[in-house]
Amino acid sequence: MGKLIDLANSFYSENKRLVAPLLGFPGVKLAGSSIKLAQQNHKEHFKVVSSLVGKFSPDIQFVLMDLSVEANALGLNTIFPPNESATVLKKNKEFCLDDLSLLRDVEFDSDGRLLSYVRTVKLMKHEFPSDVKVGAYVSGPYTLTGLIVGAQEAGLMVAREPDKLEKICTFTTECIVKYTKLLLSAGVDTVCVLEPSGVMLGPSHFRKFSAVNVKEIVEICHRGNVDCVYHVCGNSMHLIEEMVQSGVDALSLDSKDNNVNLLEVANNVPKKIVIIGNMSPTKTIIYGNPEEVKSEVRDLLELMDRFSNYVLSTGCDLPLETPLDNISAFMQTGRNYVVSSGN
Amino acid sequence: MSVLEEMQENVVAGNESKVVELTQKALDEGLAPEKILNDGFVPGMEIVGRKFQENEIYVPEMLMAARAMKAGMKLLEPFLTEAGIEPIGRIVIGTVKGDLHDIGKNLVAMMLEGGGFEVIDAGVDASPQKFMDLVKENKPDILCLSALLTTTMGEIKKVIDAFKENDLRDDIKIMVGGAPLTDDYSKEIGADGYSPDAASAVDLAKELLGK
C-alpha cells in the first residue's frame, strides 16, 4: 500500500479527504464485546475492529489504543477493568539501574498479550478490504519510561538524573523497536507512536528523551515502507518542530480545546508531513447530536481546505460511550465534503 | 540580595538543599515565620506559576521547584503553627474513582501549598464516599477533583451529585481540572470553577475564597 502522504494528495486532487478517526473502543459496543476481552484475545479484538470497518469504513483502522502493552510485556503490574483500557499500576519503590538489567532479561517479544496485538494486525491485514490501511499503536519511549519508573519520577529524573533517564529511554526504545518489527512482519501499514507524557516536557528535553529515540522507530518503519505517526496528547504546539525533526511521516494532534492550532501547524510544517486531527473527542461527538457533529466537522474541513496534506480525524481516541450515530455523522460529513481548493 | 530574595530564586531553580539551608538561615536571623512564607515561598511559587504559563519552564522544572518549596515548608511549618499562623484556606484534593493518574493532582496540590493553602490529599481512585468522609472530617473550604481520562471524567459529576444528594454541596466550593475537562463541561456538571493548569489553580482557589 502506498505512503499516507501520496494517498492524501491523491484524494485531494480528486477534491476528497481521507477520513480516519482514532476509533477503537466504540467497536466494543458494536461487537457486543468488552475492552478487557478484546485487549487479551486477538480474535475478539479482530471482531471489534472489524465491526468498525463494517459500519464506518474509515480509511485507516487502528487496533485498540492500549498504552499498557509494552509495559505489561515487561512484567509490570497491569489491571484489566471490564470496560476501561488496561492500566499499569504505579510502582511503590524507586527504580534503580539494577532493575533495568532485570528488565533486559525479560523475553519481551515473546509476551502473549503483545503477540495477540501482532496477531490482530495480521488478521486485519488479511481480512480487511485492501483500501483500508491497517494501523497499530506503540508506546512512546518517554511514556513507556514513565510507566516503568512512575510519571512523576520520570519528570524529576529529567532535571535530577538525566543520564539515568536517558539509559532507561534507550532501553524502552529497544523494546518498542522490537515490537515495531513484529508489527511490520504482521503487515501493518501505519505505526503510531503514542507519547502522551511527552507533552509535559520542554522542547530540548522532548528532543532528548523522545524525538531522538522515535527517529529509530521511524527508520525501522521506513525500511518496511510503513508510515510512522507521532501522537502527543494535549497542547503540543511547543513540540511541533521536534516532532517533525524525528523524521515521522505524520503528526496526529489534539483538539483546539487543548489550544492546538491546526492551521498554524499546517502553515509551518513541510508539505510532505501529513497533519491528522483534530476534532475534540470529549465534547460534541460525545454529548452533542449528529447535526452538531456535522457542523463542527464541516468547520474543521473548511479551516483545512487548502492543505492537501491533511487527514480528517479526532484529536485523540474516541471513548467507549461515543454515540454511534455521531461517529456516522463524522464519517458521512468527511466523505461528502468537496474540497474547494483541490483541482 | 536578602535571604528571602535568595530563597525565591532557589525555589524557582528547584534547589532543594539550598532552600532548606536558606529557610534555616532566615529563622536564625529572627525573621517571622509568616514573613518567610509570604515573602519567600509564596512569591517564589508565583514566579514558578508565571514561568509555567508563559512556557518558560515545563512540568519537570515545576516539580523540582515544588519539591524544593515543600522541603523548606517542612522546616517552617512547626514555627508557623507555634506562631498561630493559619493557612489562607483548607483544601481536599484527589483523583476520582477509576483513575490512577496523580502527577497533575500532585502538582496542583504542591502549588496550592506554595500559595499558602493547607492541602489534604485523598490520593487516586477516590470514591464519592471517600471525598464526603474527608470533607466531613476536615471541613475544607474547597474540594479539588481531578481526572485524566475521558473514561473517568464522568466520575467528577458523580462526586458533585453525591455532595448535592447528601446536603453537603452548599458548604463547599468545588473546582475541577484534568486533560479532558473544559470550562464548559465544568459548568455543565455544576462545579464552581475549572483550572486548565496547576498555576491557574492557585489563582482560582483564591478567587473562590475571595482572597
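This is a predicted model: local features need pLDDT of at least 70, side-chain atom pairs count only at pLDDT 80 or more; totals for chains, interfaces and linings use all residues.
**View 1**
Chain A comprises 16 helices and 10 strands. Its radius of gyration is 19 Å, close to the 20 Å given by the globule rule for 343 residues, so chain A is as compact as a globular protein of that length. The C-alpha trace of chain A extends over about 60 × 45 × 40 Å along its principal axes. Of the 343 residues in chain A, 55% are buried. Among the contacts in chain A that link residues at least 6 apart in sequence, 75% join residues at least 24 apart.

**View 2. The contact between chain A and chain B.**
Chain A contributes 23 residues to this contact, and chain B contributes 18 residues. On the side of chain A that touches chain B, helix H9 (residues 151-160) gives the most, with 6 residues. Classified by residue type, this side of chain A holds 11 nonpolar, 8 polar and 4 charged residues.

**View 3. The largest nonpolar core.**
This core has 181 residues, and those with the most contacts inside it are A:Leu251 and B:Met111. Both domain 1 (3-82) and domain 2 (89-208) of chain B give residues to the core, so it lies between them.

**View 4. The surroundings of A:Leu251.**
When neighbours within four places in sequence are set aside, the residues in contact with A:Leu251 are A:Tyr230, A:Ile240, A:Met243, A:Val265, A:Val269, A:Ile273, A:Ile275 and A:Ile276.

**View 5. The two domains of chain B.**
Chain B is divided into domain 1, covering residues 3-82, and domain 2, covering residues 89-208. Taken over C-alpha atoms, the centres of these two domains of chain B are separated by 25 Å. The contact between them brings together 13 residues of domain 1 and 11 residues of domain 2.

**View 6. The side of domain 1 of chain B that touches domain 2 of chain B.**
Helix H3 (33-53) and helix H4 (59-82) of chain B each supply at least two residues of this side of domain 1. The largest share, 7 residues, comes from H3(B). By class, the residues on this side of domain 1 of chain B divide into 10 nonpolar, 2 polar and 1 charged.

How values were computed. Residues are numbered from 1 along each chain as its sequence is written. Chains are lettered from A and ligands numbered from 1 in the order in which they are written. Helices (H or I, at least four residues) and strands (E, at least two) are DSSP runs, numbered from the N terminus. The radius of gyration is taken over C-alpha atoms; the globule rule is 2.2 Å times the number of residues to the power 0.38. A residue is buried if 20 or more other C-beta atoms lie within 10 Å of its own, exposed if 12 or fewer, and partly exposed in between; C-beta atoms are placed from the backbone. Two residues are in contact if their C-beta atoms, placed from the backbone, lie within 7 Å. Ala, Val, Leu, Ile, Met, Phe, Trp, Tyr, Cys and Pro count as nonpolar, Asp, Glu, Lys and Arg as charged, and the others, Gly among them, as polar. A nonpolar core is a set of buried Ala, Val, Leu, Ile, Met, Phe, Trp, Tyr and Cys residues joined through C-beta atoms within 7 Å. Domain bounds come from an automatic or database domain assignment.
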